[in-house]
Amino acid sequence: MKRILYYDCFAGISGDMNLGALVDLGVPAEHLEKELSLLNIKGFRLELKRDMRKGISGTKVTVVVEDPDNEKHRHLSHIEELIYKSDLSDRIKTKSMDIFMKVAEAEAKVHNIDIQKVHFHEVGALDSIADIVGAAICQEYLEVDEIHASPVQLGGGMVKCAHGLMPVPAPATAEIVAAIPVKAGLVDYEATTPTGAAILAATVDCFSERMELKIAKTGYGIGQRDGEIPNVLRVYLAGSYAETRKDVFVEEAIMLECNLDDMNPERYTHVMDLLFAAGAADVFISPVVMKKSRPGNVLSVLCNQDTVENMKEILFTETPSIGLREYNLKKSILRREILVVNTKWGDVDVKRSYWNGRVVNEKPEFEQCRKLAMEHGVSLEELSKEVIKKL
């Protein structure tokens with residue numbers, strides 16, 4: 001049975017909440033502190049204690065910086081040197097840098113600068129280094145096969161950062177969660193920090209509000225606030241139903257449909273592109289015969305609850321439709337992984353799908369194959385065969 005770590009981010013996530021939750025789940029505090037000491041840097045310590053929010057008890061972890069006024073400001077190269085010169089395991093080093101890169105890429109885009117010029121005035125601080133490297137240490141200790149998470153609560157209002165007051169989510173956080181299902185407005189503060197968002201973006205394999213797991217243990221990480229809702233991060237250590245689910249993940253989804261008989265077909269591609277860009281899982285058009293034997297088409301949009309309103313806006317403003325059909329359904333999704341195949345013309349991603357523990361489909365990424373074929377003057381058929389042959 002697969003061992004799964006599930007993040008229930010109903011109240012958001014921050015770096016210290018994550019450490020608290022994973023320690024509460026079973027990572028020994030002594031192990032976390034010993035591993036962090038391998039960074040060979042001084043100036044911080046962990047303060048761990050039992051605490052409670054709205055009747056829910058858990059572990060609160062605070063990274064105490066001993067002299068914050070003299071703390072160094074670091075660039076990405078400094079972070080890389082610090083981590084790769086440490087005595088941490090290679091897996092922890094790689095995962096730590098994956099998380100840091102999520103933040104660096106977001107900051108570089110927001111400030112329109114080269115990634116190596118990103119100034120880690122906040123995430124490069126000692127407390128964030130401890131949060132990020134600590135996350136990698138704890139996840140590796142738990143030895144899970146997969147990491148899953150719920151949609152992430154972002155919060156609302158304004159947050160104070162090095163550049164002044166910013167709307168929640170802060171611009172960097174908004175970039176980091178761009179491909180993650182989110183919720184907002186539950187509280188009037190920053191519920192998810194850039195560090196918390198980056199931990200999820202870099203390590204979670206599957207985001208789903210529907211949790212079909214056998215829970216073995218629950219942990220709670222206590223946040224720094226105490227407001228109207230429990231400021232906690234809940235995590236589960238669980239087993240999957242893989243032996244009965246045949247490598248299938250089941251998720252809830254919503255289907256939107258509308259009939260079109262008076263729309264210029266040239267506009268279909270435009271509308272479909274807008275829907276996909278707004279987060280649609282799938283968009284397709286089916287020919288139908290409508291009343292009075294008029295030919296028409298059904299435009300179908302598959303999406304989740306968090307994106308349904310965006311889909312409706314596009315359908316009502318970009319098509320002549322004045323009414324939609326909406327219904328809930330379940331999606332069964334095969335477990336999949338991406339393999340990188342090296343050919344003499346370049347690398348190609350191959351999507352491999354599993355059913356009942358065996359490979360049932362292997363599909364090279366079409367656009368990558370097409371680009372390489374055109375660049376090197378070979379046929380698409382020849383290139384595709386070369387990719388399959390190397391699997």
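Accessible areas here come from the Shrake-Rupley method with a 1.4 Å probe. I applied this to a predicted model.

**Entry 1: the whole chain.** I recorded an accessible surface of about 19900 Å² for the protein chain, of which 48% belongs to carbon and sulfur atoms. I then looked up burial and found that buried residues make up 48% of the 391 residues.

**Entry 2: fold and dimensions.** I noted 12 helices and 19 strands in the protein chain. The radius of gyration is 24 Å, close to the 21 Å that the globule rule gives for 391 residues, so I describe the chain as being as compact as a globular protein of that length. Along the principal axes, the C-alpha atoms fill a box of roughly 75 × 55 × 50 Å. I also looked up contacts between residues at least 6 apart in sequence, and 69% of them join residues at least 24 apart.

**Entry 3: charges.** I recorded 48 positive and 60 negative side chains in the protein chain. The centres of these two sets lie 4 Å apart.

**Entry 4: helix α10.** I turned to helix α10, which spans residues 308-318, and found Val308, Met311, Ile314 and Leu315 buried. These residues lie on the same side of α10, because they cover an arc of only 125° around the axis. An α-helix has 3.6 residues a turn, so residues three or four places apart point the same way. On the other side of α10, I found Glu309, Glu313 and Thr317 exposed.

Note on methods
Residues numbered from 1 in each chain as written. Predicted model: local features only at pLDDT ≥ 70, side-chain atom pairs only at ≥ 80, totals over all residues. Heavy atoms only, no water. Buried < 20%, exposed > 50% of the residue type's maximum accessible area, 1.4 Å probe, protein only. Helix = DSSP H or I, 4+ residues; strand = E, 2+ residues; numbered from the N terminus. Arc of directions from axis to C-beta. Rg over C-alpha atoms; globule rule 2.2 N^0.38 Å. Contact = heavy atoms within 4.5 Å. Lys, Arg positive; Asp, Glu negative; His and termini not counted. Charge placed at Lys NZ, Arg CZ, Asp CG, Glu CD.
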